[in-house]
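Please read these notes with the model open beside you.

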Amino acid sequence: MQIRTEGVPPLPPFSRLSQTGTVAVTLSAALTLSISLTAFASDALAQTANTAETPAALSKTLPGKIVYTQLTTPDLAKAKAFYGALLGWNFQDRPVSRGHYAEALVNGHVVAGLVERPLPDTNNPPQPLWLPFISALDVPTVAKESLQWGGKILYRPTVVPGRGEQAIIADPQGALFAALHAPHGDRNDTDDTVQGDWIWHTILTPAPTASAGFYQKLFGYQVEDAPPPDTHQHYILDSQSIARATVNPLPARLPPDASARWIGFIQVDSVGSAAEKAVQLGGRVLVQPHPDHQNSMIAVLADPSGAAFGVMEWHDPSAAGDTK
């Protein structure tokens, strides 16, 4: 599904964010993510030639597009079993010098990386999480400017063989993301997303206006108010005339200093069935399935280790026989 800017709704906020302060979350997340990337980056990603995109599937760099996602989890085998059964993902293990790493594939293209890394032995370890990779023309510039606007660099700009130059950054409210420049270009924007593809992303933050401005400065997004009824501090981030993500406030019941986070949504054939199956597989339902705008049904789930993600069922009203 290719989502154009006009009439794109914000998705509902994740209802169970950690209440740990931004500084603590950032420091422990840096330990988890940076060490895991250092361990596998150079040897694992150099071996991805057989899953590389064909030239026809690639385009020029599309700044602001979310082009990759990566899960850091304490139990890779359990994560593979969960996501494989739930979403139909296939996996390819990649040998690494330390730890374990696998790629998830849908229809032959890589949709995610999964890294096994024990959680830090602290009183408040971070939950396992999905990390979005946002396309950038110049990663060092993005990293430098993120510092100027209140962000933190958790993993400095580094060239990773087989992927490109990347850096992991925390925004001023604590949401983690990676900036990535792939020298071979980014996947084209098409309408052929299927079961198991990432279809949408949202930022949940205590400061939506400031957050939207931060990402606009880094990636050149066009920022627009969300359409009614969700117009107050709900924003759309748009690049190449396509809506890439929404920026939404945190749920009102959480403290105003709760950390922000990104939530990615995966396309499924049935949100209700996916939610039921997630529970059967040892996961949890964080936000119950419910109708959303744009002929969609959504829910927010957690895998057995606690990593949160969304699922979305979207119906094209122009499709033949679709009466919704």
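1. A residue counts as buried under 20% relative accessible area, as exposed over 50%, and as partly exposed in between, with a 1.4 Å probe and protein chains only as cover. By that rule, 55% of the 324 residues of the chain are buried.

2. The model is predicted: local features need pLDDT of at least 70, side-chain atom pairs count only at pLDDT 80 or more, and totals for chains, interfaces and linings use all residues. Residues are numbered from 1 along each chain as its sequence is written, and side-chain values use heavy atoms, with hydrogens and water left out.

3. The chain has 5 helices and 18 strands. Helices (H or I, at least four residues) and strands (E, at least two) are DSSP runs, numbered from the N terminus. Take contact to mean heavy atoms within 4.5 Å. Among contacts between residues at least 6 apart in sequence, 69% join residues at least 24 apart.

4. Helix 2 covers residues 76–87. The expected span of a helix is 1.5 Å times one less than its number of residues. For the 12 residues of helix 2 this gives 16 Å, and the end C-alpha atoms are 16 Å apart, which agrees.

5. Which residues of helix 2 are buried? They are Leu-76, Ala-79, Phe-82, Tyr-83, Leu-86 and Leu-87. These residues lie on the same side of helix 2, because they cover an arc of only 130° around the axis; the arc is that of the directions from the helix axis to the C-beta atoms. In an α-helix there are 3.6 residues a turn, so residues three or four places apart point the same way.

6. The two ends of helix 2 can be checked too. At its start, a side-chain oxygen of Asp-75 comes to within 3.4 Å of the backbone nitrogen of Ala-77. After helix 2 comes Gly-88, with a positive phi near 75°.

7. A nonpolar core is a set of buried Ala, Val, Leu, Ile, Met, Phe, Trp, Tyr and Cys residues joined through side-chain atoms within 4.5 Å. The largest one has 28 residues, and Tyr-83, Leu-86, Trp-89, Trp-130, Leu-301 and Phe-309 have the most contacts inside it. Helix 2 gives the most to this core, with 6 residues. Apart from this core lies another, of 24 residues, including Val-142, Phe-177, Ala-179 and Ala-212.

8. Leu-301 deserves a look. Leaving aside neighbours within four places in sequence, its contacts include Leu-86, Ala-274, Val-285 and Phe-309.

Key. Polar contact = N/O pair within 3.5 Å; in protein donor to acceptor, adjacent residues only side chain to side chain.
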